[in-house]
Amino acid sequence: KCVLDVLSEPPRNQLVEQLSKFRFNASPLFAEDSKVRKIATSKLYSIMRGIAVMIDTASVIAETTASTDAVAHRQVVPRFEMFWYIALFMCSFFILDMVLALAVEFPRFDLFVGRTGQRSFNLFAIVQQTLVIIGMFNFPDGRFTSTFRSVVHRFSFLRVLRALVTLPRMGGKRLQQSIGELYIMIRALAGTLQPLVWCSCMCAFILSIFGTFLAESVARQISRLNPPTEVFPEESPQAMLLSDWGGTRRCMYSLLMTMLGGADWGDLFNTLTGYESATDSAICFFVFICFTFIALLNTVTAVFIQCAFMRLEKDRVFAVQREVQEKQEYLLAAKAAFENMSDGEGKITQQDMVLYLQDPEARAAFQRLRLDTDQVGKLFLLMDTDTSDGITLQEFMTGCLRLRGAASCVHLEFLHQDLKFAIQALADMVMLMEDQNEILTTPRSESPSSVKQAQQLGILQRGLRLLSDQLKELDINVQEGLSRCQADIAVHEGLSRCQ
């Protein structure tokens, strides 16, 4: 959990980090078991907050649509007082919600992160909504004529965006899982903002390079054959050439339209070469087309996809949700296999498992569970934890989780350390037995029982030596397996770096 928390936390500004950890030197306003704290952190209150966000978003869209439609139909824009009162009620609710959250978190004072991680964004939306209400009551008939209302209403998109950002974090776990795909898309898009900035800078440099060359070429064509003050007719090749390629900014704009599909590059090529044979301009334009559509756009797409996947892999909520979903699907498959083996009896024996695995489809099902089907007897003994010669559903599902997959380097290292401890303990026991044997075999007046004890100790000593030799041999095998496992990891890492 700590590793996932570290990976999922994006780097924040140091000032924001310090402000989000600010605490007053005071006691909490509400105890841990107080009703206010329980209400503020309940699932029902979270759902109610989500409904309020959706109502506010719908009112923003409806008010903007009705007002702009009135202007489009050349009508007087009504006041729409109903939207005034809806905005006033929603703004009051969001302010109270913010105050309640800060009061519950007191003495911690955080205006930037909060419960959903988007408190600063919610604060900006509340400020915008407050200014909208002030403009409504002070300039009731100036929806688009009042500069204050016009500027403030332009930022109403913040309240629509608030719904998109905060809704996946509201509600209970079931609601969050049902809209998990929406959360994934939002996080993936948020992770592409920084690559978008750098890709835009790279595209601007490329447009500048080709635009400068083409602008120079076009200016040379026009200046060499025409006087500087000559005015060209609208449909003439010169006028069309200057319209699309006259100047560096027009060249960059035409290249951008070609890159994004806003204009047919064949038409732009005709205007570029229609006035005079311009071989250098034609070659430059074709190089730009090939470079853009074959190299640049594919590279940008690959970068964005990679960034989206990296952001999702580092996201804690997505990682936990995926792990839980995979484990749930695995346990359901294990339960289905157990039911097929037990035939409804609730318990399976070793014979049931052997008979079940004679079917190729059953062996394939076990392999999908990542269980070794070549050693059924050992697998049954490892799952039968209570040694009752029968495996229950709980034992089978727990055993599947424990025994699935091949042994990793960590498992081999644990086994290696355990063997080293066992070998050392046996060596100490052998030394102790040798000392005892030496004492008992010392010539003296011995009783028959002492001689018998010496024989038994000798037998035990030989058995311990044999067991010690076997453990040493097993330790060598484990070390070889550990070395092979580490070599495989090194090969995989090398292949990953090459890819």
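1. A residue counts as exposed when its relative accessible area is over 50%, as buried when the value is under 20%, and as partly exposed in between. The model discussed here is predicted. By that cut-off Asp141 is exposed, because its relative accessibility is 58%.

2. Asp141 forms a salt bridge with Arg79, and the closest N and O atoms are 2.9 Å apart. Arg79 sits in the loop between α4 and α5, while Asp141 sits in the loop between α6 (119–138) and α7 (147–153), so the bridge ties together parts that are 62 residues apart in sequence. Arg79 is partly exposed, at 37% relative accessibility.

3. The whole structure holds 7 salt bridges. One of them joins the side chains of Arg49 and Asp97, at 3.7 Å from N to O. This pair links distant parts of the chain: Arg49 belongs to helix α4 (residues 43–72) and Asp97 to helix α5 (residues 81–105), 48 residues apart. Arg49 is buried, with 8% relative accessibility. Asp97 is also buried, with 3%.

4. A further salt bridge is made by Glu105 and Arg119, with 2.9 Å between the closest N and O atoms. Glu105 is in helix α5 and Arg119 in helix α6, so the bridge ties together parts that are 14 residues apart in sequence. Arg119 has a relative accessible area of 5% and is therefore buried. Glu105 counts as buried at 17%.

5. The surface carries a nonpolar patch made of Val151, Phe155, Phe157, Leu161, Leu164, Leu182 and Met185, with about 610 Å² of accessible area together. The most comes from α8, which gives 3 residues. Leu164 is located in helix α8. Its relative accessible area is 41%, so Leu164 is partly exposed.

6. How do helices α12 and α13 cross, and at what angle? The axes of α12 (residues 237–245) and α13 (residues 248–260) come within 6 Å and cross at roughly 80 degrees. Angles of 65 to 115 degrees count as roughly perpendicular, and α12 and α13 are therefore roughly perpendicular to each other. On the α12 side, the contact is made by Leu242, Ser243, Asp244 and Trp245. On the α13 side, Arg250, Cys251, Ser254 and Leu255 make the contact.

Definitions and conventions:
Residues numbered from 1 in each chain as written. Predicted model: local features only at pLDDT ≥ 70, side-chain atom pairs only at ≥ 80, totals over all residues. Heavy atoms only, no water. Patch = residues over 30% accessible without salt bridge, like charges linked within 9 Å, V, L, I, M, F, W, Y side chains within 5 Å. Areas by Shrake-Rupley, 256 points an atom, 1.4 Å probe, with all protein chains shown as cover. Salt bridge = Lys/Arg side-chain N within 4 Å of Asp/Glu carboxyl O. Helix = DSSP H or I, 4+ residues; strand = E, 2+ residues; numbered from the N terminus. Buried < 20%, exposed > 50% of the residue type's maximum accessible area, 1.4 Å probe, protein only. Axes fitted to C-alpha atoms, helices over the stretch in contact; angles between N-to-C directions. Parallel < 35°, antiparallel > 145°, perpendicular 65-115°, else oblique. Contact = heavy atoms within 4.5 Å.
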